[in-house]
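Welcome! Here is a short briefing to read alongside the structure, moving from the whole chain to a few of its parts.

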Amino acid sequence: MPESISSDLSRVTESLQMLAPRWNVWVLMTLSEKPLRYREIKSALPWLPDGQLHPKVGKLVDSGLVERTEFESHDVLYSLSVRGRELLPVLGVIAAWGGKHLEKEIVLDPATGNRVPKAVPRAQDIEDTIALIAPRQATPILWALRIRGASSAKALAATAMPERHLTNVYQPLNRLAEDFLVTKDRQGRAELTAAGRDLAPVYQALSAWAAGSTLTEAVNHPVWAPKPAQPLGRPAMWATTQPRIPAVPTTPAHATWNPGDLFSHTAPVRSASAAATGGRTR
């Protein structure tokens, strides 16, 4: 890849690694409306024991996304930093992709008796989306496919991981195919699915944030700028190993994020074509 694109890709992958640890997004969302003391964060995330929550908050402080203000020895206030607040619109873009593409479990509505998609917190949509694209080499392969179009594994390895052996491309490529971000033909040539192409706003937003640019400037991204429409691929469904926490009351889904939105999510109706594939639920 050209040096400018390689540097951009490196910044995006580093940003994903910063967000990827489980529950990081939930902690950031907990602090999105106002500064809180540790006990208030713990009250908002009661399923996280101190042994997990305390070091997680500390690492977010170290990463520059959260600020720690100490008034007295036992009076510490945590808040989003400027960079943390600038990240919120990016998380909204990621949530929108997850709300559209991640499969929802079908449950019975106790009020109507109808089968409906189970409500999923928008913060969970973000974590599940990041879980798909944050693993090692996943994002470089997706970017290489966006640049090259349909490609062999050998060509992808040369573009996405030129310093590594060809065989290293197969495991992440197969995982992306299992997650329906990539499709492969009988000759083994891979290309992005419709859902993979729909990651464009996600990568545009992450790139802009990592570079300190605005989301308005992001649409001109050299790799993920809009392209002419292509034929639809296989309906997308994904699985993650993350267990669900109890659903919270829902509010209408938003294409963009506002403070307070990400703890709730109204799931779209699952399409019949998606249901027919029999794929795994996340």
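Among contacts in the chain (heavy atoms within 4.5 Å) between residues at least 6 apart in sequence, 68% join residues at least 24 apart. This is a predicted model, where local features need pLDDT of at least 70 and side-chain atom pairs count only at pLDDT 80 or more, while totals for chains, interfaces and linings use all residues. Residues are numbered from 1 along each chain as its sequence is written, and side-chain values use heavy atoms, leaving out hydrogens and water.

**The chain as a whole**
- You can find 13 helices and 7 strands here; these are DSSP runs numbered from the N terminus, with helices being H or I of at least four residues and strands E of at least two.
- Of the 282 residues in the chain, 45% are buried, meaning under 20% relative accessible area with a 1.4 Å probe, protein chains only.
- The accessible surface comes to about 14,100 Å², and 54% of that belongs to carbon and sulfur atoms; the areas come from the Shrake-Rupley method with a 1.4 Å probe.

**Helix α6**
- The 12 residues of α6 (residues 122-133) should span 16 Å at 1.5 Å a residue, and the end C-alpha atoms are 17 Å apart, which agrees; the expected span is 1.5 Å times one less than the number of residues.
- α6 is mostly covered, with 11 of its 12 residues buried, among them R122, D125, E127 and I133.
- Those buried residues pack against α1 (3-19), α2 (24-30), α5 (82-101), α7 (138-148), α9 (170-178) and α11 (200-211).

**The largest nonpolar core**
- This core holds 69 residues; a nonpolar core is a set of buried Ala, Val, Leu, Ile, Met, Phe, Trp, Tyr and Cys residues joined through side-chain atoms within 4.5 Å.
- α5 gives the most to this core, with 8 residues.
- Residues with the most contacts inside the core include I133, L142 and Y203.
- Leaving aside residues up to four places away in sequence, L142 touches I133, L176, L181, V182, L192, L199, Y203 and W224.
- In soluble globular proteins, nonpolar side chains tend to be buried together.

**Helix α8**
- In α8 (residues 153-160), 6 of the 8 residues are buried: A153, A155, L156, A157, T159 and A160.
- The partners of these buried residues are α7, α9 and β7 (190-192).

**A serine in a loop**
- S32 sits in the loop between α2 and β1 (36-37).
- S32 counts as buried because its relative accessible area is 2%.
- The side chain of S32 reaches the backbone oxygen of M29 at 2.7 Å.

Definitions and conventions: Buried < 20%, exposed > 50% of the residue type's maximum accessible area, 1.4 Å probe, protein only. Polar contact = N/O pair within 3.5 Å; in protein donor to acceptor, adjacent residues only side chain to side chain.
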